[in-house]
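Please consult the sequence and the structure shown below while reading.

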Amino acid sequence: MQSITVRLDTIDKVKNLVAILAPIEGDFDLVSDRYVVDAKSIMGIFSLDISKPLRLDMHCPEAAAKVLPLLESYKI
């Protein structure tokens with residue numbers, strides 16, 4: 001598993017993240033404190049406090065390799 005810290009402080013960033021992750025095979029989770037949601041779920045993401053940095057967990061190394069270059073603007 002690989003993790004990065006991301007900031008999703010606007011609605012557009014949330015929508016774009018889901019659009020990036022949706023076509024990629026593999027499991028992606030967003031973690032905020034003790035809450036974990038599917039990063040491909042807009043409703044799940046909006047149940048988190050997106051004003052704070054979130055941890056994106058990528059459970060498949062191949063999927064992480066595909067998605068990491070696409071997430072440069074989200075990293076903090």
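Asp-57 and Arg-55 form a salt bridge, with 2.8 Å between the closest N and O atoms. The model is a predicted one, in which local features need pLDDT of at least 70 and side-chain atom pairs count only at pLDDT 80 or more, while totals for chains, interfaces and linings use all residues. Residues are numbered from 1 along each chain as its sequence is written, and side-chain values use heavy atoms, with hydrogens and water left out. Across the whole structure, the search finds five salt bridges (a side-chain nitrogen of Lys or Arg within 4 Å of a carboxyl oxygen of Asp or Glu).

**The Asp-57 and Arg-55 pair**
- Asp-57 is buried because its relative accessibility is 5% (buried means under 20% relative accessible area, exposed over 50%, and partly exposed in between, with a 1.4 Å probe and protein chains only).
- Arg-55, by contrast, counts as partly exposed, at 37%.

**The pair within helix α1**
- Lys-15 and Asp-12 are joined by a salt bridge at 3.8 Å, N to O.
- Both residues belong to helix α1 (residues 11–21) and are three residues apart, about one turn of the helix (helices are DSSP runs of H or I with at least four residues, numbered from the N terminus).
- Lys-15 has a relative accessibility of 45% and is therefore partly exposed.
- Asp-12 is likewise partly exposed, at 48%.

**The Glu-72 and Lys-75 pair**
- The closest N and O atoms of the salt bridge between Glu-72 and Lys-75 are 3.1 Å apart.
- Lys-75 is partly exposed, with 33% relative accessibility.

Notes. Helix = DSSP H or I, 4+ residues; strand = E, 2+ residues; numbered from the N terminus.
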